[in-house]
Amino acid sequence: MTSVLSYLRLPRRLRPVAALAVALTAAVLPGVARAEQVPSFVQDGTLTVCTNPTLPPMTFVKGQDVTHPEGFDIDVAQALATRWHARLSVITMDFTGLFPSLSAQRCGLVMSGIIRTPAREKSFDAVSYQDTALVVVGRKGTPSLSSMDELSGKDVAVESGTSYVTRLGVVNDALIAAGKPPMIIQQYPTEEQVVQQVLIGRVFAFVSQDVELFYRMRQLGDKLHVLITPNIPDYRHFAIYIRQNPEDRTLLQNAISALDSDGTLQTFRTKWSVTDQSTKGDAAQAGAGGMFDWGAFFSALTSMAFLHGALITLSVALISHFIAITISVPIAIVLNSPQKSLLKVALEGYVSLFRAAPTLLQLLFIWNAVPQFFPIFREQWFTPFLATILALSINESAYQVEINRAALSAVDPGQELGASALGLSRRDIYWRVIFPQAFRIALPPTINEFINLLKITSLASVISLQELLAVTQIQVARTFAFTEYYAAALIYYLVMVFFFLFLQKRVERRFSWSDRKKVVSNAA
Amino acid sequence: MQHETTTNPMISVRGMSKLFGKFVALDRVDFDISRGEKIVVLGPSGSGKSTLIRTLNQIEPHDSGMLTIDGKLINEKTDPIQLRCMVGMVFQNYNLFPHLSVLENCILAPMRVRRMTRMEATALARRYLEQVGIPDQADKYPIQLSGGQQQRVAIARALCMQPEVMLFDEPTAALDPEAIVGVVGIMDELAEQGITTVCVTHEMAFSRRIADRIIFMDQGKIVEITPPETFFTSPKSERAQNFLNQMLRY
């Protein structure tokens, strides 16, 4: 939708051109339309694009709605979709999740200001759509460099998962060969964190692309300056990546060439100031280095984006833990029984496996690996929300089994004996006698687990779940108000956790049938 | 208190055995208990006394042999719930439910198993709490009561199911002498009401006073079944003699 509106906002003289392009490809001249064959990655009339919206001006979130990124890449994607008579669907996620998602067929193409590299082309097909250059950037006042060798021994920040590491590796190899100490490369998950490292003075410089830098310069005024633009012949293009398929590659190449020759790409370049080097910006005021901006803090605190993120965090934690507890109680009962059985061995394996595997790995596995074996998991219904709940339920149930086992063992075996001597059914023995007593023992560690789970949901940003921390990071990328947005997120987490601690106190009081003093005096 | 041996005993046991792994806890025991009879089971620790009475309500199902209660053959196909409605049990450690009040302890099984209404069950429970001498403790929690009071609650709780047979598994072993007097008094009263009773105990005076017959056990076997006068004055077996000598020495 964004790009349709942006078409209408084009300078008056360009409008007929754009309209004609759309009209031609649409239906007016069937002969021309037929020539535009649709690539196979456009499925069910939908072009699905994976992007990491923290790389302005290519792809980023301008407003509050984190599910609707904007930028040069998004406009190009929309133009492609329009050419192919398809609907555009954009999936946002961490940068490191982009290529695995493409492999898992979660999206038709990846477009996120990504450099064309030979390494990536071994696994994917690439089509260039924008020239770019590598820049090394430092704080204002840092003297410019005359060669990359001068970075020897210095700290340099880059975004993880990008090709910068490889490129700096080449420089480092040369430095080592010349007997000089190499650069110390620090990797951060998002672009704005990379920039922040330079602003707060932790690293000497960061490496970025010129187009992104131009945007940052306008955003941050004169706080940054280019130290050197090294002449590296490779890595000069942003590319669209697709799964390997020669026909699709040709079709995509043709479409990009057409958008280039009809002036569409140039229009977008102008719109997003991709090549504009002026530092006078219209972007939000930078928070870095300044005092705490209470206005930004309160507007974040009261924004729909944060509230929505917090609700997702809360509901994922609640639903996952509910499922985990439901699964874990029968497992704990089976594991506590004295008889040996195949089921018991299998359940022991389940508990050990999911306690041992890192939660992050389980999330990535379910989102990116499982769909390669079971295509049903790459369909639309399997949302990041569901995937997170699936992963966290399984993971949490393994921990909860241990809590339940301990709690059930702590109930005196005489209770079961006494209850069955009274003729109570198995069901009543558990529900009326054992569970209420085990519940009280299990409650504090269970609430502990829940609080843990509430915070662990932040891992799900890697599979594009827009939970509280993901929302925070995307908002920070737009505004650079690190302190204010982190503080707002902290408040949300604290309020949620304190609420559940309060709830625990209340429930414990309700279940405190034994007066401690009395226990002690009886024992004496 | 002489009872005629009727043709239809309340409890009949023939060649009953119970194994725990390879350990023989009960070794082919035989006996009959008449309706209304009071039986005290005596014997050294580990002789199989507790196992014996636990097989009678099938909390420990027997492995071989035959058990009939009130003419009904009891085996793994028997509905244990029906059996336990008929046979009540009191434990050494009371096994009261700590999360429920005294009254709730008493009405849980009548409501859940006998399908009584709360009102019916409450009326019944108050009657038995009165009988065991603690009518005003109904709303307290077990932990707030003394050991003797807790055992009284356990007896009332078992009685609320209106069983025909009561099993007592060392009911006074965890109590202080003063509390023992109270609990034994209640058991005396029950005995007078004519309920069939099987009691494992070390209370010699009580055994002598209320028992119609004594079952003496050793190493999973029944050594002798005799009236108390005979047992305490001139036991038939040497093992019983040794046992009594030891009991009297301390």
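Predicted model: local features only at pLDDT ≥ 70, side-chain atom pairs only at ≥ 80, totals over all residues.
**The interface**

Chain B puts 25 residues in contact with 23 residues of chain A. About 2100 Å² is buried between the two chains, and carbon and sulfur atoms give 64% of that area. On the chain B side, B:H99, B:R112 and B:I143 lose the most area to chain A, together 29% of what that side buries.

One salt bridge is counted between chain B and chain A. B:R112 forms a salt bridge with A:D428, with the closest N and O atoms 3.0 Å apart. Four elements of chain B each supply at least two residues of the side that touches chain A: α2 (80-86), β6 (87-90), α3 (102-112) and α5 (147-159). The residues of that side divide into 16 nonpolar, five polar and four charged.

**The cysteines**

The count is one disulfide over all chains. A:C50 and A:C107 form a disulfide. The torsion about its S-S bond is about -105°, so the disulfide is left-handed. A:C50 lies in strand β1 (residues 46-51) of chain A, and A:C107 in the loop between α5 (98-103) and β5 (109-110), 57 residues apart.

| Cysteine | State | Relative accessible area |
|---|---|---|
| A:C50 | buried | 0% |
| A:C107 | buried | 2% |
| B:C106 | buried | 0% |
| B:C160 | buried | 0% |

Conventions: Residues numbered from 1 in each chain as written. Chains lettered and ligands numbered in written order. Heavy atoms only, no water. Contact = heavy atoms within 4.5 Å. Buried area = accessible area lost by both parts, 1.4 Å probe. Salt bridge = Lys/Arg side-chain N within 4 Å of Asp/Glu carboxyl O. Nonpolar A, V, L, I, M, F, W, Y, C, P; charged D, E, K, R; others polar. Disulfide = S-S within 2.5 Å. Buried < 20%, exposed > 50% of the residue type's maximum accessible area, 1.4 Å probe, protein only.
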